[in-house]
Amino acid sequence: MPNASPARAATKVAVIGTGYVGLVTGTCLAEIGCEVVCVDRLPEKIAALQSGRVPFYEPGLDTLVLRNVEAGRLAFTTSIGEAVAEAEVVIIAVGTPTRKLDGNADLQYVYAASREIAAALDHFAVIVTKSTVPVGTGAEVRRLVSEANPSLDFEVASNPEFLREGNAVSDFMKPDRIVVGTESERGLAVLRRLYSHFTESGFELIETDIKSSELIKYASNTFLATKVSFINEMADICENVGGDIEAISRGMGADKRIGHAFLRPGPGYGGSCFPKDTLAMVHIGERALSPATIVETVISVNRSRPHRMVAKVVRAASGEVRGATIALLGLTFKPETDDVRDSVALIVAEQLSQMGARVRAYDPKGTENAKSVLGDCITYCDDLDSAMQGADLCVIATEWQEFADKTPAYYRDALTRSIVVDLRNVYRTEDMEAAGVAYHSIGRPASAPASAAVEIGMRAVG
């Protein structure tokens, strides 16, 4: 149950948008005692949410939604007017997808929400942008609201989200930091009260101006993306000159100035944030005549990554995958989510299929979303065994715990050729080698036990 102070009246909040950010934000604010109304245009989505059914997979969120709906702290509606009727804080949490034309964030939904909020509000409120938006968006929101409702008394603020898919609830409830950008003490006071549950528990509230707040989100994500691309380049160097990327990551991460986070090599970053935000940062730099050349390189490195992964699979298959049956484990861009946006696994699956391989894929949560992207160019399996049994080789594309729980012997016995290409370094090389598996991972020497078969269709000995 929430730990809101009984001496303090609950803050009334409207959240515009029930996507990933909006639903997590609204639900968690309700959990700490706020009175929250979330808005979405789709009646069927609202009906599902009212019964506790969440339209995407996020561990623990469905339980929180149902609990707070039943407690009367969380409600859903299709009407912005109904949502903002008594709101002190109105949070804009709509999508900001990448514009295909120029790579910038598409702000049409933010601006549309601003106009609708202005038309519906008849009392003072703080309008907060939680969507990830380029610097200067707050000023434009203020202009649009003032233009649509000149007599309205309001404040504008920026409050970027820092939620990791698969860990969003814990990230909100135990934040590394809370960033708020405001224009006045009046607006800041409202947000201090909104987040007092956290500050009284010792979590840091970073108070700044709106432009700095908007940039903090992009700067954070582009820096993390930089770490990902950097360690992947180091892994490539290890494969070419010798060395173990795992040892290098440990050695680097032990330096407190660097840290261990995001120093795990892999197939490249994906998902809804890093690809979009790195492109937007480049666009911000271009508009400011301050090119973000490091970020441009990060994007270039990441774009080449899927093709390197496909080449790794082809090499492991002795140079030819045509006619081979490949078990692809994982379709989402990371575990504990059903999100396949910019997932490297999908690119690998499609390219291997185009090269003549028969790809059998299994993912615990992401299959339906993957089907909408890949169509029928691959076979989708309902369980791990269906994908694995009798396949020539296996590609681990997402580090789901279900895959890691299997012993090396499982892979040896299930696969015709006992070849595993691990794009996530789930296993220790020596364990796979001891089990008789030809094991190819990222930035580490390949294991090629003498027992591994070479020809497709031959059973490995051992």
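Where is Leu415 found? Leu415 sits in the loop between α18 (408-414) and β13 (419-422). This is a predicted model. In it, Leu415 is buried, with a relative accessible area of 0%. Met388 lies 27 residues away from Leu415 along the chain, and the C-alpha atoms of the two are separated by 6.5 Å.

**The parallel sheet**

Strand β13 leads us into an open sheet. The sheet has 6 strands, in the order β11-β10-β9-β12-β13-β14. Their pairing is parallel. Which strands stand at the edges? They are β11 (379-380) and β14 (438-440). Each has a single partner strand, so one side of each is left without a neighbour in the sheet.

Look next at β13 and β14. They pair in the parallel sense over 3 bridges. Val421 stands opposite His440, a residue of β14.

**The mixed sheet**

A second open sheet is built from 8 strands. The order is β3-β2-β1-β4-β5-β6-β7-β8, and the pairing is mixed. Strands β3 (74-77) and β8 (205-208) form the edges, and each pairs on one side only. From one strand to the next, the twist averages 25°.

Inside this sheet, β1 (residues 12-16) and β4 (residues 89-92) run parallel, joined by 4 bridges. Ala14 has Val90 in β4 as its bridge partner. Helix α6 (residues 137-148) lies across β5 (125-129) and β6 (154-158). The angle between α6 and β6 is about 155°.

**Aromatic rings**

How many aromatic pairs does a search of the whole structure find? It finds 9. A pair of aromatic rings is described by the distance of the centres and the angle of the planes. Two of the pairs are set out here.

| Ring pair | Centre to centre | Angle between planes | Type |
|---|---|---|---|
| Tyr20 and Phe56 | 5.3 Å | 40° | tilted |
| Tyr410 and Tyr411 | 5.5 Å | 85° | edge-to-face |

Take Tyr20 and Phe56. Tyr20 lies in helix α1 (residues 20-31), while Phe56 is in the loop between α2 (43-50) and α3 (61-70). The pair therefore ties together parts that are 36 residues apart in sequence. Are these two residues buried or exposed? Tyr20 is buried, and Phe56 is buried too.

Now take Tyr410 and Tyr411. Their planes meet at 85°, and planes over 60 degrees apart count as edge-to-face, so this pair is edge-to-face. Tyr410 and Tyr411 are both buried.

Elsewhere, ring pairs link Phe172, Tyr195, Phe198 and Phe203 into a cluster.

**Charges over rings**

Which residue has its charged end over the ring of Tyr410? That residue is Lys406, and its charged end sits 4.7 Å from the ring centre.

**A threonine in helix α10**

The last stop is Thr222, in helix α10 (residues 210-241). Thr222 is buried, with a relative accessible area of 7%. A polar atom of its side chain lies 2.8 Å from the backbone oxygen of Tyr218. What does Thr222 touch, not counting residues up to four places away in sequence? It touches Asp277, Thr278, Met281 and Val295.

Technical notes:
Residues numbered from 1 in each chain as written. Predicted model: local features only at pLDDT ≥ 70, side-chain atom pairs only at ≥ 80, totals over all residues. Heavy atoms only, no water. Phe/Tyr/Trp six-rings, centres within 6.5 Å; stacked < 30°, edge-to-face > 60°. Helix = DSSP H or I, 4+ residues; strand = E, 2+ residues; numbered from the N terminus. Buried < 20%, exposed > 50% of the residue type's maximum accessible area, 1.4 Å probe, protein only. Lys NZ or Arg CZ within 6 Å of the ring centre and 35° of its normal. Pairing = 2+ DSSP bridges. Polar contact = N/O pair within 3.5 Å; in protein donor to acceptor, adjacent residues only side chain to side chain. Contact = heavy atoms within 4.5 Å. Axes fitted to C-alpha atoms, helices over the stretch in contact; angles between N-to-C directions.
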